[in-house]
Amino acid sequence: MENQFYFDLVSKHREKILEAERYIWEHPESGFKEWNTSAYMAKIFEDAGYTLTYAGDIPGFYTDLDTGKPGPKILIMGELDALVAPTHPEAWNNCAHACGHNAQCAGLVGIALALKEPGALDGLCGSIRLMAVPAEELIETDYRDSLREQGLIHYLGGKVEYMYRGYMDDVDISFMIHTGSRTPENSHIVFSCNKGANGCMAKNIAYKGMASHAGGSPHNGINAMYAATLGLNAINALRETFRDEDKIRVHPIMEANGSAVNIIPAKATVNTFVRGTSMDAIVAANKKVTRALASGALAMGAEVFVSDRPGYAPLLNSPELMEVAKECMIAVAGENAVSFDDKMGGGSTDMGDLSTVIPSMHPHVAGARGKGHGDDYGIEDPETACVKSAQCQVLMAVELLKDNAAKAKYVIENFKPVYPSIQAYFEAVDQLMSDRDLVKYTENGAEVVF
Ligand SMILES: [Zn+2]
Ligand SMILES: [Zn+2]
């Protein structure tokens, strides 16, 4: 079948795709709260004749398209969640799609409708799993920890949680396409892909001091905000020890919970990620960051409680899958509009976790404007961000599964997983999870640092 046949299957549903992009943009919801977005997507899928498996107690769903012939299972995803971005001019309920996941969902609509058209699966083998997945952005970690305590989720990222639930167990290859912004230097680029991207750890840090009269008896207080500030300064002093190749990024934000200016603050909360290109580099940098945080507490005689959560594993795109994708991207957009490089991106995604156990790929498509996660972010060219993205992903599925899945088998056979199994991956990340006091004070005044 000619490529144009598949492109037309997507274009036929152009209006529905663009409508989904606008609707989801106008109704942003943050991670594990995307009930409306999930229901909107589900209705489109069910109207098109899909039978869905719902996660149920959290948003999102998946469905399988079986070609009727045995073969590999390809997973294609769209992310449902928006960012908490209260200063974005188009924020709704404090949220905005400042990462463009609305365009991904619209693309997934196009893929789903196209693959239900007559002839779409002719000549293919295996199956295609389409998945609307929640909670990619690693935010609101206190809220997500409360979901963990209730037993609703076990991990903070949507794909990781879906993986834990077994929704990826029989998947052989996975991919999605994330929206990206055009800049003056890359204005001609439609599709791009890095070698991979940083992984991260999430840290929630609570400094606890003692309230007292800020004017009358500050000597009776312990200033938790100062303790936190010292901790942050110690982290800043460590930055020159980070190796360039590890691309360590530590970017704390602080909330000082002073009740009033005349009270020594008894509480200060710090949240940060520790990002890096490998798990070893992240773990090593995290040790230093933890030590720095303890130093601020020790100096002031404050307490500090730290919760470490495995964030996302570094993303390593499958080189073989990139080869297949590149051909498809060129077919959609032309040779000059496709750019691949061997850099590691600075951000993190839970596609990284999948990429440690399943050959995976997380490239970008143009069509957005402004800064990713910025207040000027938006979708300016939905034709590219959604329709072309869907055409490319349909073609990728076809290329992988045609000719008795020769290309899918090539990708699978050459895959070098970081962990031998999904279970081994979870055993490794579970070791990164901890909740502990860093400093303890004994009766004779000695401090013990953990
Ligand atoms: Zn994002
Ligand atoms: Zn994103």
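## Ground rules

Helices (H or I, at least four residues) and strands (E, at least two) are DSSP runs, numbered from the N terminus. This is a predicted model, in which local features need pLDDT of at least 70 and side-chain atom pairs count only at pLDDT 80 or more, while totals for chains, interfaces and linings use all residues. Residues are numbered from 1 along each chain as its sequence is written, and chains are lettered from A and ligands numbered from 1 in the order in which they are written.

Most residues other than glycine have a negative phi. Asn94 is not a glycine, yet its phi is positive, about 70 degrees. Asn94 sits in the loop between strand S4 (83–84) and strand S5 (95–96).

Ala135 also has a positive phi, near 55 degrees. Its loop runs between S6 and helix H5 (141–149).

Are these residues buried or exposed? A residue is buried if 20 or more other C-beta atoms lie within 10 Å of its own, exposed if 12 or fewer, and partly exposed in between; C-beta atoms are placed from the backbone. Asn94 has 14 C-beta neighbours inside 10 Å, so Asn94 counts as partly exposed. Ala135 has 30 such neighbours, so Ala135 counts as buried.

## The six-stranded sheet

Six strands form an open sheet with mixed pairing, in the order S1-S2-S6-S3-S7-S19. Strands S1 (53–54) and S19 (360–361) stand at the edges with a single partner strand each, so one side of each has no neighbour in the sheet. Two strands pair if DSSP finds at least two bridges between them. Strand S7 (residues 173–175) and S19 pair in the parallel sense over two bridges. Phe175 has Met361 of S19 as its bridge partner.

## The core

A nonpolar core is a set of buried Ala, Val, Leu, Ile, Met, Phe, Trp, Tyr and Cys residues joined through C-beta atoms within 7 Å. The largest one has 140 residues, and Ile76, Val304 and Val394 touch the most other members. Helix H11 (residues 382–413) gives the largest share, 15 residues.

Which residues does Val304 contact, leaving aside neighbours within four places in sequence? Contact means C-beta atoms, placed from the backbone, within 7 Å. The partners of Val304 include Ile205, Tyr207, Leu293 and Leu438.

## Two domains

The bounds come from an automatic or database domain assignment. That assignment gives domain 1 (3–186 + 314–418) and domain 2 (199–312 + 432–449). Their C-alpha centres lie 36 Å apart. The contact takes 13 residues from domain 1 and 14 residues from domain 2.

Methods. Contact = placed C-beta atoms within 7 Å.
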